[in-house]
Amino acid sequence: MNPTDIYYEHLASITMKNLEKRHFECHYCKTAKEAVDLASEMVTPGSTVSFGGSVTLADTGMADILRHREDITLLDRKKAASPEETAEICLKALGADYYFMSTSAITIDGELYNIDGNGNRMAALIYGPKNVIILAGMNKVVPTLEDAASRTRNLAAPQNAIRLDKKTPCVSTGVCADCLSPDCICSHTVITRRSAPANRIKIILIGESLGY
C-alpha cells in the first residue's frame, strides 16, 4: 500500500468518527468503483432518483449508471428540452427517494461546506429527498471550516466556472473576487453540521482525488 492510501485511510477513520457523531451515515471505499457499487446497492428498485450537477458523479460513472438503470425512475435535468422543464425537474427532485451529489468540502470535525449557484442542490441537501447520498474524494477533506471556505471559493468554484463557461473574475485569475457578476455561481453558502433525521445523509468517502 502506498503512502497516499495509508494517509487517506487514517484521515477517513478520524473524519468518519466525527461525521457519525453528527448523525451522518458513513462509508469508506478505496476506489471509485467500490463506491459506485456500494451506492448502487443502496438504491432500491422502484425508487425515484435524481442528482445535482457534479464532476465527481460524472468522473466515477455514477451518473451514467443511474441513467442506465431500468428499475428506477430517474429525474435527469439533461433530458430537459427547455429551461422551464429543467426547473420542473429540479422541483420534482425534492420529492425523490434518493438524491445524489458531491460536496465542496468536508471538515475533519465532520461538517459539510457547500456553495451553490441556483440553490437546487442545496435545497435537496437540506430538505425533501428521503435519502441524500454524497460521493466525495478524500481530496475534499480539510482541517477547518476556514479551509473549507478557501478550498471552495479558490479551487472548486473557479474550475466549475471555467467548466460552465462563465464570465467571472475567477475564470481569469483563478482566485475568488467575491464578485456579484451576472454569471456568479456562488449565491448560497451552506454549512451542514449534522444530519436530521439521523442517517438521512449518507456519505461515501473515496480514497482517490475526485472532482473539484
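Strand β5 (residues 105–107) and strand β6 (residues 112–116) run antiparallel and are joined by two bridges, with L112 of β6 as the bridge partner of I106; strands here are DSSP runs of E of at least two residues and helices are runs of H or I of at least four, both numbered from the N terminus, and two strands are taken to pair if DSSP finds at least two bridges between them. The model is a predicted one, in which local features need pLDDT of at least 70 and side-chain atom pairs count only at pLDDT 80 or more, whereas totals for chains, interfaces and linings use all residues. Residues are numbered from 1 along each chain as its sequence is written, and side-chain values use heavy atoms, with hydrogens and water left out.

β5 and β6 belong to an open sheet of four strands, ordered β8-β5-β6-β9, with mixed pairing. The edges of this sheet are formed by β8 (141–142) and β9 (188–192), each of which pairs on one side only.

Helix α1 (residues 3–21) lies across β5, β6 and β8 and runs at about 80 degrees to β5, the angle being taken, on a scale from 0 to 180 degrees, between N-to-C directions of axes fitted to C-alpha atoms, for helices over the stretch in contact, where contact means heavy atoms within 4.5 Å.

Strand β7 (residues 131–137) is joined to strand β4 (residues 98–101) by four bridges in a parallel arrangement, and β7 also pairs in the parallel sense with strand β10 (residues 201–206) over six bridges. Seven of the seven residues of β7 are buried, that is, under 20% relative accessible area with a 1.4 Å probe and protein chains only.

Conventions: Buried means under 20% relative accessible area, exposed over 50%, partly exposed in between (1.4 Å probe, protein chains only).
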